[in-house]
Number of protein chains: 2
Amino acid sequence: MYKNLKLYKLITCCIAALLHGFTLAQTPLSDSAVMRSIYTFQLTQGSAYEQLRTLTKTIGGRLSGSKQAEAAVYWAKKTMLEAGADTVYLQACMVPHWERGQKERALLLHSKTTTPLKVIALGSSVGTGPDGLEAEVVEVKSFEELEKLGSTHIQGKIVFYNVFFDQSKIRTGAAYGEAVVFRSKGASMAAQYGAVASVVRSMASNADDEPHTGNMNYYTSISERKIPAFALSYTSADILAKTLKHVPHAKLRLVSTCRNLAESPSFNVIGELKGSLFPNQYLICGGHLDSWDNGEGAHDDGAGIVQSIAVLEGFKKLGIRPYHTLRAVAFMNEENGLGGALAYANNAKQKHELHLAALESDAGGFTPRGFGVDTTKGLYQTVKNWMPLFKPYFIDRIDAGGGGADISPLEEQGVPCIGFEPDTQRYFDIHHTAADTFDKINKRELLLGAAGIQALMYLLDRHLL
Amino acid sequence: MYKNLKLYKLITCCIAALLHGFTLAQTPLSDSAVMRSIYTFQLTQGSAYEQLRTLTKTIGGRLSGSKQAEAAVYWAKKTMLEAGADTVYLQACMVPHWERGQKERALLLHSKTTTPLKVIALGSSVGTGPDGLEAEVVEVKSFEELEKLGSTHIQGKIVFYNVFFDQSKIRTGAAYGEAVVFRSKGASMAAQYGAVASVVRSMASNADDEPHTGNMNYYTSISERKIPAFALSYTSADILAKTLKHVPHAKLRLVSTCRNLAESPSFNVIGELKGSLFPNQYLICGGHLDSWDNGEGAHDDGAGIVQSIAVLEGFKKLGIRPYHTLRAVAFMNEENGLGGALAYANNAKQKHELHLAALESDAGGFTPRGFGVDTTKGLYQTVKNWMPLFKPYFIDRIDAGGGGADISPLEEQGVPCIGFEPDTQRYFDIHHTAADTFDKINKRELLLGAAGIQALMYLLDRHLL
């Protein structure tokens, strides 16, 4: 069946190419010539940078369930239509609705002095309430250390996970992955021993004073108690750690008024260019429309959104009609729930939509380095064979295995997935902070990403059978 | 002779390796293990970032002949000694001494209104004097256009080279290379037709209001007349171009008090680690110590300087004794004369110093992408064979042909040269502007460069015969 489908598609493509040849009486452009036109278009006429300015500067942070997220949905619909999509539609999903409330506060109390620290509540955390809480602090470097201390030393205390980002790692994402477990699971792990709150050192690749938020989860299998969870800036974590060395009974006073409201309805935004030969087969590229509330969501993931829309714009403006239906998907709720990702995948399954490949851009709008590609259905090898086409554009790496959070439910259905891999050295300096703002975007870097993604979508469309 | 030398070195290396084995009774570390230790050292303990903070923040811009350049010489000597160099010495050279004088001014005069424009004098340019000059402006897009207009239209006017940086180029250096000819040669080309001054649109990869300086030359073969030369910021060039469309007789009033003083003595700074097996054979890495006066010379080329010093520090702190003598060279006067580069090469020639390879870092302190390597003596192929060793560190490109301005006189003597190639997408946003400051440096990116360069110097030292 699968082989017959391929044969059918091969014949269809040959006929299309022949007809194209007869009609235009000229040789169709080579892949490398099309790629050159894609790069020239994106670098000199692409709208991604100005679109991102609008998204970040007129809407800003847009956490799921917020008014800003709602505004972003309508912005995305309008922007996809302007980019030349044949069809744009909203796909309903349910999302968590967490609100930060008032700006969080942390005071370090020791030896009759009070030092304010830079702190932020973690997403999904319960609040302390306006009166806050105050307790001694126990510093740990690992869950093993926490376990050893046990209830005897943890009961009634605030647990401080003082775990550093491993600067010796070359992939910053790998260092982040190691450290983030304390953000995600730290509160429940501490709660089981009677802690009253948990605080992590921000997962930061630089040593500044910006606290990094991000989602946490309450693991009821570990503890039924839900305690407030926070992140300290790198500098504030240094101050706390230094103080604890000299004043082991130093206390923290923490105040947060964040709260979890009822789930609320929201939307993915999907823009399509209908396929000329295989309209019922899909190639998708996407990013996530939601962002944390404390910054502007410029790199995370406004960049991925405008790069995905740029793919539609690039095909349309260059007059390239895709063979397969091409979708740009602005997923809702990557940051704290994947509500949009699940809705998209469930919908695709119900409608028996055949997805040939799915690409995600959610690692920042920095200079492209390559793509991570699933080995499923031989896609990795296929893309790897295109490396010489990408070399002139400084896309030098095709790594095995890739994807992203928003396309992971599709991956589970067997869809081969691709993750766009920009340079990540600066990403975790600003990730989930108030500093993830438009001015951190370099126009050429963003547009090179848009071009690289469009070029890959083009090759997939023309060669994937 | 050359073959015998190689055989001799091969035998020496084998004996050294055997002795090393007997002494330590352990297997010497593999290249990949040494590289891992180099990266870990540089990323977690390397001093390059803090050294650069000192150079940029306590000395700042350091144009050849200035007091700041002199201070930089003594800073470099001290810093190389602290890094663990066996020997540090100053190598005398002569350098031009150009002074900017007072901040330049440009006023656009049209229809009874006056608009101030952002302007900067080009290095080596004569000044207008404090009274300035005023003339109508003729815009051209090429030298061909200038030639067509000829004296009839150019006499007594200011020529405005309104040439854009080609954003469709992937290598920003290629776009810069195309545009920079108007900065370098534009004044003499305009002077031959009687122009009173020349103004270029800054060679900028972004559209901001920072004027980019840089050196110019008076080509006496083209014109004996030396007219003042300036660069306008991108935005100011836009304003001028737009005005000229509506008001063809608009005038510019230009004021600069820059001047060329007598050549002055200065120094290269050279730090050495003596080779254990071949002390009279040299491997060098370097950057340039001088910078333009308007910024802090952080990316251009403080980065290259501290990365070169980091090579000494890394060898020393990791206890790796080089087989060949390793030199970090802080060249003086790259920006406007190559006085230091010529002195180094002449000295090497006089002393019959055998240089196995020379590496230069002068393309900014951004994320490493690769190296450009001369094909001379098969070096390109040798380095290319090491690509698998570099892949885990995201150094993905070994391109044929490389080097840099400061090692070009060595290249002419047949020394195989290597250019360090970081990502360059942001470089020409700030190049030669007041915005080339320390805050534009990302610590991890800078240190990854230091590590990559040290790793390559290590491989060259161990394998180059």
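In this predicted model, helix α4 of chain B runs over residues 67-83 and has 17 residues. From its first C-alpha to its last, α4(B) reaches 24 Å, close to the 24 Å expected at 1.5 Å a residue.

Turning to chain A, two domains are assigned: domain 1 takes in 18-98 + 262-463, and domain 2 takes in 101-257. Their C-alpha centres lie 35 Å apart. Where the two domains of chain A touch, 15 residues of domain 1 are in contact with 18 residues of domain 2. On the domain 1 side, helix α13 (residues 427-430) of chain A gives the largest share, three residues. By class, this side of domain 1 divides into six nonpolar, seven polar and two charged residues.

Finally, the two chains can be viewed together. Here 24 residues of chain A are in contact with 24 residues of chain B. On the chain A side, the elements that give two or more residues are α2 (31-45) and α14 (443-463) of chain A. The side of chain A that touches chain B has seven nonpolar, nine polar and eight charged residues.

Methods: Residues numbered from 1 in each chain as written. Chains lettered and ligands numbered in written order. Predicted model: local features only at pLDDT ≥ 70, side-chain atom pairs only at ≥ 80, totals over all residues. Contact = placed C-beta atoms within 7 Å. Helix = DSSP H or I, 4+ residues; strand = E, 2+ residues; numbered from the N terminus. Nonpolar A, V, L, I, M, F, W, Y, C, P; charged D, E, K, R; others polar. Expected span 1.5 Å × (residues − 1). Domains from an automatic or database assignment.
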